[in-house]
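Colleague: I'd like to learn how to read a few features off a structure. Could you walk me through one?

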Amino acid sequence: MASHSATQRHRHTIEALKVHGHATVSKLSAELGVSEVTIRKDLQALENLNLLVRTHGGAVLMDHYLYDLPFDEKSRVRVEEKKRIGRRAAELVTDGSTMIMNAGSTTVQVARHMRGRKNLTIATNALYVAVELVTNLDVEVLVLGGILHPTTAATVGPEAENMLKQHAFDYLFLAGDGFDLEHGITTTNVLEAHLSQAMIRAARTKVAVMDSTKFGRRGLTRVCTAREVDMAITDDGVPADIKSGLEALGLEFLIA
């Protein structure tokens, strides 16, 4: 593998990030048969192109790069972590609850694990979430109308926001593109951010459902501050300094 060109190494790095969500310098070095110094130079070059963000010991994809993936590809990133997050989120819900789920591959997993709960009412703007719920006869699904976004297969716009004004929900399960101390939850799509803000106003308990690679990342548009979220369900990979900083702001963590 040492004969691979820089372009081939860069392609391998991006593909590894798309599959796993993050990659370490040591692992890339072993996979490509080059020194860690070479990998660090590769990561710097890719960061200069706004394709990834370097982290301590590795890198994660830039939010806009991952966001532009088709949903079926995005749903294959960190699958096991998202399944655990979805299962843990569903454990919060009791029969008769009402909730909102926004668009995201993690909220699809939350919907999938709602089977067995009874007499639920769930509002969503995400077609993939609605499809997961439609075969569950104990769930009433309220699909928010609006303009259909082609990449996420989710509706956005004032029609969806106005529908939420007529209702009050027990829970919001909220996915996003990034979550950091300064900007809170962010996304790369302005219209989706506006709709998520309307969801926050309509729900009593706000639960962020994000795998650990989203923490410390920042998208284009703020959805809400960290103080506006009650709880985050994630995996055990959240950097300790970010986790402690968010907990100091009052955020409760549940590790799936």
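Colleague: Is Arg218 buried, partly exposed or exposed?

Modeller: First, some ground rules. This is a predicted model, where local features need pLDDT of at least 70, side-chain atom pairs count only at pLDDT 80 or more, and totals for chains, interfaces and linings use all residues. Residues are numbered from 1 along each chain as its sequence is written, and side-chain values use heavy atoms, leaving out hydrogens and water. Now the labels: buried means under 20% relative accessible area, exposed over 50%, and partly exposed in between (1.4 Å probe, protein chains only). Arg218 has a relative accessible area of 42%, so it is partly exposed.

Colleague: Where in the fold is Arg218 found?

Modeller: Helices (H or I, at least four residues) and strands (E, at least two) are DSSP runs, numbered from the N terminus. Arg218 sits in the loop between β12 and β13 (221–224). Its C-alpha is 19 Å from that of Thr107, and the two are 111 residues apart along the chain.

Colleague: On to charges. How many salt bridges does a search of the whole structure find?

Modeller: Side chains of opposite charge can pair when their charged atoms come close. The criterion here is a side-chain nitrogen of Lys or Arg within 4 Å of a carboxyl oxygen of Asp or Glu. The search turns up 9 salt bridges. One of them joins Glu80 and Lys83, with the closest N and O atoms 3.7 Å apart. These two are 3 residues apart in helix α6 (residues 79–90), so about one helical turn separates them. Glu80 is partly exposed at 46%, and Lys83 is partly exposed at 31%.

Colleague: Which residue does Glu132 form a salt bridge with?

Modeller: Arg112, and the closest N and O atoms are 2.6 Å apart. That pair links distant parts of the chain, with Glu132 in helix α8 (residues 127–134) and Arg112 in helix α7, 20 residues apart. Glu132 is buried at 18% relative accessibility, while Arg112 is partly exposed at 37%.

Colleague: And what is the closest N and O distance between Lys118 and Asp138?

Modeller: Their salt bridge has its closest N and O atoms 4.0 Å apart. Lys118 is in the loop between α7 and β5 and Asp138 in the loop between α8 and β6, so the pair ties together parts 20 residues apart in sequence.

Colleague: What about Lys206, which is buried yet has no salt bridge: how far away is the nearest side chain of opposite charge?

Modeller: For charge, Lys and Arg count as positive and Asp and Glu as negative, with His and the chain ends not counted. The nearest opposite charge to Lys206 is Asp230, 5.0 Å away. Lys206 belongs to strand β12 (residues 203–209), and a polar atom of its side chain lies 3.0 Å from the backbone oxygen of Ala203.

Colleague: Last one: which side chain does the side chain of Thr152 make a polar contact with?

Modeller: A polar contact is a pair of N or O atoms within 3.5 Å; within protein, one must be able to donate a hydrogen and the other to accept it, and residues adjacent in sequence count only if both atoms are side-chain atoms. Thr152 pairs with the side chain of Glu192 at 3.1 Å. Thr152 lies in the loop between β7 (147–149) and β8 (154–156) and is buried, at 11% relative accessibility. In that loop you'll also find Ala153, whose phi is near 55 degrees, a positive value in a residue other than glycine.
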